[in-house]
Amino acid sequence: MDIVMKTVNALWQVIAVGLLLGAGLPALFSLGMRSLERGRVPAPAGVTTASADGTVASTSGKIGAGICFAVTILAVLFGIVVIIFGKQLFH
Amino acid sequence: MTEALFILVVVIVTALAFDFTNGFHDTGNAMATSIATGALKPKAAVALSAILNLVGAFLSIEVALTVSNKVVSIQDSSGVPIEALMGTPILTIVFAGLVGGILWNLTTWLLGLPSSSSHALFGGLIGSAIASLGLSGVKWDGVITSILIPAFFAPLVAGLVAGIGTWTVYRLVAKIPESRRDAGFRWGQIGSASLVSLAHGTNDAQKTMGVITLALIAYGSWTDTHAIPFWVKAACAFAIAAGTYIGGWRVIRTLGKGLVEIHSPQGMAAETASAAIILSSSHLGMALSTTHVATGSILGSGVGKRGAEVRWGVAGRMVVAWVTTLPAAAIVGALCWYLASVIGGAVGIGVVFAILVAAAAWMFSRSRRTAINPNNVNAEWEGGLAVTEQQDAAQETAKVPAGAERN
């Protein structure tokens, strides 16, 4: 029974963290991509960085995307900290 | 050179060889999806992964001396060998275990099947421990809690998380034109795959460092159980990085092309799920195998995308390999221990080492018949690992851009 309890206990935590970060971060990244997409405006004359359809991301779209990507990057940095110092942090 | 020193040197060389196979066997766990979707060129992917494994190995500050303590009773709780086994006996057990692990890693690599290197090592150690100490040499409850239960749940948990992640991602980005969508997700893929590589370098190189330090303690040239010699750390770091750079193309091909036809958003969802689960599980009381998690994530990313083809037959073969890993490596480990002990001393160890080299050379020559390399690793999956000559020729002339299919 002890093994079962320990397993269940560890398992639900792993699934919870997995869903929050493992599924949540790609979703956040997707929101960032969506934000870049929303309100795309035709490229002003002379802009060469436009996509194939001749549009560029709007400023508000870039800000929204920037926030999403920044949080994603912070999570990755946190991951690196866990890789290096995990044992000291969690045990 | 004394007999004991000779045995020590052979054990260290064998441990580094295991570390090397650990590297190339697991390159695919981190990089297969990035290679399959074209986020990274094959050679760039293995180079990046190798560097991160190297850095990860040097970053490891943990002393994994007691890692074998979970499954076999050859050390006390601080990691020092049991008094009765000090010297040659424990070196022989560790050596036979390592040979079992290496041979199983090479076999599964030849078949192009991802399988857990840690399980192969533990299997080998269990076999040699049973051979030398009897059934009481193995901690069976440890085998259940730290090997069997995690092996069962790892692919399920990873598949669930990656499946939900993939499904959500495709819901969110449905309206984004494919070219821009994939360009964005390729960056996400590279980031998440890098994290998996770094974690792999830290985790897996540590195990070999622990094994070599254990051998040094058994020999009597090291006594500190809270530190490892720097040269051991450096040697293990370079061995795993070199292995990673060689790239287990056969395993990469199966993971990247064999299981699921994978696209960038799936790749990012799969690798992020892997990274999150590998990192969290090792700190939440149930360390899960990188290989099992990565494979489960890739499968999940196929299940989570509507209309994606998942080749369950390939997945089935992997499950067979996983179930076989522990007993197969154990049998080899036990046989090697018997052989080394019957012949005895340095000669026994030398004979087993010669057999290991011969078997490895034979498997390498077999692999050349259906060689998988950076040029053909992404060829269409036509019923199996092998790439036909026509496909090979086609790969040479025209590189098909990945992700051409519409969602």
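Axes are lines fitted to C-alpha atoms, for helices over the stretch in contact, and angles run from 0 to 180 degrees between N-to-C directions. This is a predicted model in which local features need pLDDT of at least 70 and side-chain atom pairs count only at pLDDT 80 or more, while totals for chains, interfaces and linings use all residues. Residues are numbered from 1 along each chain as its sequence is written, chains are lettered from A and ligands numbered from 1 in the order in which they are written, and side-chain values use heavy atoms, with hydrogens and water left out.

**View 1. Crossing of helices H1 and H10 of chain B.** Helices (H or I, at least four residues) are DSSP runs, numbered from the N terminus. The axes of H1(B) (residues 3-37) and H10(B) (residues 290-303) come within 9 Å and cross at roughly 30°. The two helices are therefore roughly parallel (angles under 35 degrees; over 145 is roughly antiparallel, 65 to 115 roughly perpendicular and the rest oblique). The crossing is left-handed (the near helix is turned anticlockwise from the far one by less than a right angle; right-handed if clockwise). Asp26(B), Asn29(B) and Thr33(B) of H1(B) make the contact (heavy atoms within 4.5 Å) with Thr290(B), Thr291(B), Ala294(B) and Ile298(B) of H10(B).

**View 2. Crossing of helices H6 and H7 of chain B.** H6(B) (residues 178-219) and H7(B) (residues 230-246) have axes that come within 9 Å and cross at roughly 135°. H6(B) and H7(B) are therefore oblique to each other, and the crossing is right-handed. Residues in contact include His200(B), Asp204(B) and Met209(B) of H6(B), and Trp231(B), Lys233(B) and Ile240(B) of H7(B).

View 3. Arg181(B) forms a salt bridge (a side-chain nitrogen of Lys or Arg within 4 Å of a carboxyl oxygen of Asp or Glu) with Glu178(B), the closest N and O atoms being 4.0 Å apart. Both residues lie in H6 of chain B, three residues apart, about one turn of the helix.

**View 4. Crossing of helices H11 and H12 of chain B.** The axes of H11(B) (residues 312-343) and H12(B) (residues 345-367) come within 7 Å and cross at roughly 145°, in a right-handed manner. Cys336(B), Leu339(B), Ala340(B) and Ile343(B) of H11(B) meet residues of H12(B), among them Gly345(B), Val347(B) and Ile355(B).
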